[in-house]
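Walk through this structure with me.

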Amino acid sequence: MIIKELWLTHFGKFHDFHMELGPSMNIISGGNEAGKSTVYHFIEAMFFGARRLRGRAASSDMYSRFQPWEGKNSYEGTMIFEHQGMTYRLYRNFYKTEVSVTLVCLDTNKVIPLPDGTLENFIENFTEENFENTIGVAQTQSRLSRSFARTLQTQAVNMAMTGSSRLRLDSALECLERERRRLRRGSADGELEALGKKETYCRQELEENRQRLEMLDGELEKFSEEDLKRKLESSEKGLESCQMAIGALSEKLSQHAAQAGRNRAPLSPRQPPLGSHGSSTDRPSYGLTSHGHDPRLEKTGSRLPVWLYGVLLVAGILTGVILAGIHEHIPLPALRLFLVLTAFLMVCGLLGFVRGIFEQRRELSGRAFDEERHRSIRESDGEEESHGREAAGLQMELARMEEKKRALEQRHKICLQALEQYRQIRERRAWEQEQYSRISNTLEDVIEEDQRLRDKIREEKKEELCVDTARKILEELAGEIHESFGKPLADRASELMNRITGEERQFIINEKLEMMVDNSQDFVPVSRLSEGALEQLYLAVRLGAAKLLFKDATVPLILDDTFAYYDDQRLRTVLSWFASEYKGQVIVLTCQHRECDILDGLNEDYNYVNLER
Amino acid sequence: MRFFHLADVHLGAVPDKGTAWSDERARGIYESFYQVLETARLEQVDGVFICGDLFHRQPLLRELKEVSYHFARCAPVRIFIIAGNHDPVTERSNYVNYSWPDNVIFFKGDACARTYISEWNCYIYGLSYHDREIIRPLYANLRPDLFGAAAPDSTHILLAHGGDSRHIPVHFNELENAGFDYIAFGHIHRPWLAKSGRIAYSGALEPVDKEDEGPHGYMEGEVTAKGVRVRFVPQATWTYVNLNVEINGQMSWEEIKDRAKQLMDRAVKPGRKAVFKVTIIGTRDMDMVWDLDELYRLGQVIQVTDASEYDIDIERLYSQNKDNLLGRFIERAKDLDMDEDMKKKVLYYGIRSLYDTGDR
């Protein structure tokens, strides 16, 4: 395709502006604000329409930017181009309410229908996207080396991996990864686990509750409430009658005692009173020990028997007599000693003997005294015996009643305890029953919640699947694109660089999506290249892409102020390559004269258009 | 004779569990129920039929006591109860041994029984669920004359619960002609009245979960010489409201939220309370980033659905990007072997990720 003529009827600052272009090199010159970019965008708009954007960038879209300064109602242009031997005239009206496009083949005067308003069917892959990536080199690139290197790198890689310099694979994948993480964050897996534990716990509790209920039921069976109540009643009745009987007997006994008290003969005050009122369980006390001896007497018993003292006395007397007979034959001191001894013996014996005699006499009198007492007691005993027997009989009866009462009380107590126990078990059972209801309700809640969570997780997983699928597809496709386009692109770029600069360089795009250049030892990032080399690489990549996309079709290359930062040497290299090797049309928009000068110097033909006429 | 027919009270249920208003809802169910009983007492209605699922789960003893107290209070109104699939009379249920006040008649058996109220010349029939599910059609072939002779000109009212395949399947046409003057149904939470007026679902007294949209309340009925006539009394305090918020690509997120809030405020009638299920429909800009969780904070919102579509022409996008990753992605995504809505999601995820990060 070769653009032959341009009519900027109403476009930006241009009003009925006409331009003719040559088949190879064209230099369109104009200072700043002369409208170079307008011409560039006019060509783009003619090919693809003036894009009206909504939302983002609405104010800076192409439509708004190039609305004619004069006469806003008219916004149109015409282009005449040659393609595959035929000449065509393309007309577009950009005005929003009258948007239209017409393509007429001037050779046949036939209107070529453009159903979607684009030239895509005309030339393969001739889309706006592709134009911008390849042959339309707009004036937007930054020329600072580092960011330019990065921009180039990004664009080249984007091209290689996505087929478009604008689409970024790495950030797209990152974006999807973020989505997946966001979905994961709200995941309910942890909750499900906790719920599972709670369910197990509930079931366990329920089982334990069931066992306890079973056990309690078993215990309850052992009791019969009616039975117990009956027993309780009977023992109560029994106790009542017992108590009454005891009362009656006690009454009788006390009457007896009163009677006995009145009948008994009064005894000497030394006598302990006969005790038979009061406790009927005490045996009447006679103040005697079991042996019949008065215990008082026992205490004052002499230490030695009486006869011993008698012996001592006789021994003393004898010793005296003997001494009287033999007193001359014994020395005086010894005689005195024997006398003393004799006297001692006699005195001791006499004293002891006398005392013993006294004691014996006292004992005898005591015994006689006791015997007298016995006699008197036995006398009253005789009277009381019959009383006593009666009393004893009553006592025994009383004792029996008391025994019976005790037994009944015991039974009553046991009954009460049993009844209490029964009631406790029954209460316990009612409580367990309530627990059962409570736990089984909780379990149901847990199961319901579990189901709800599972559903929620299922939905989340579906969502995650979508994200993962999108990601997988992107990766696969990127791989394919890299294979089919990226690699050849890198090769083409390398080839072109070689041809333009004469230097052999190999470019690749590695798996980390970085563009690398071979520096004869290793592959290093392209940012290591000099600024100039980067510029050339930039062009080479675009030209390479153009070749791959448009294949054999020749398409015009439009460069808007691309060489501003080139040094003279580089510029010469590039221009001479274009002039000698590039087969298609080249349209260079520039604000300098260098291009013209160099081309003149190379003796190359070119078409010159001055915008500032 | 005048009666109230209600069912599916679900005392003890905690609707919208986990939200700030769930406790209020749970208490509200009790209050609504007691309100009906009070109304029955004040209006001196003759009978109240509670057709199953009075309780949401197995009732605790203390719950039975609380309800009993209220039943006793509204004497001499007679209360008739059957147990439903949510509160069946199981072996261990507290229903088994509970003794109700004198004005309450509980049809405890799993076979249909009847009771005669001479003051009304009316026979009331009913059976209780003893299991959570009953697949046998227990109401089929049920006729008043199967229970013996009946007094002349007497009315026959059947209290029933169920009507779907797992809860006593029913042939409504057959039942219409079984000889009952009125069949009071419970189980379906939406009120429904047959054309003949002879069979009715009173619906749940208050909506129990978010699927229970529309009006809720009970049936008020009268036995006249011409038969039984009922009308629906919408009493529920709470309603679930479906709210559609229409958006377009021009709206910002704040605007969308305000619109939603406006719609919510307008939808609530004074004295009533609403819980909203919000759906966003319309087109949204590719740039729009929103956090749907913020909608939950605008009011009592139980559910938010995003049914919006992206404001992009996929076909055009495809044709403009045929050779690059975006175009090829669209092509590949369209051919996926997935459900339509999942495919759409995949498409949007991919397009958005490329769009968000591209230099457009």
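Helices are DSSP runs of H or I with at least four residues, strands are runs of E with at least two, and both are numbered from the N terminus. This is a predicted model: local features need pLDDT of at least 70, side-chain atom pairs count only at pLDDT 80 or more, and totals for chains, interfaces and linings use all residues. Side-chain values use heavy atoms, with hydrogens and water left out.

Start at helix 11 of chain A, residues 531–550. Its 20 residues reach 28 Å from first C-alpha to last, close to the 28 Å expected at 1.5 Å a residue (1.5 Å times one less than the number of residues). Of these 20 residues, 18 are buried, so helix 11 is largely enclosed by the rest of the structure (buried: under 20% relative accessible area, 1.4 Å probe, protein chains only). K551(A) follows, with a positive phi near 50°.

Now turn to the two chains. Chain A brings 47 residues to the contact and chain B brings 40 (contact: heavy atoms within 4.5 Å). Together they bury about 4,200 Å², 53% of it on carbon and sulfur atoms; this is accessible area lost on being put together, 1.4 Å probe, summed over both parts.

Between chain A and chain B there are 9 salt bridges (a side-chain nitrogen of Lys or Arg within 4 Å of a carboxyl oxygen of Asp or Glu). One of them joins E444(A) to R57(B), with the closest N and O atoms 2.9 Å apart. On the side of chain A that touches chain B, helix 10 (332–501) gives the most, with 24 residues.

Definitions and conventions
Residues numbered from 1 in each chain as written. Chains lettered and ligands numbered in written order. Buried area = accessible area lost by both parts, 1.4 Å probe. Buried < 20%, exposed > 50% of the residue type's maximum accessible area, 1.4 Å probe, protein only.
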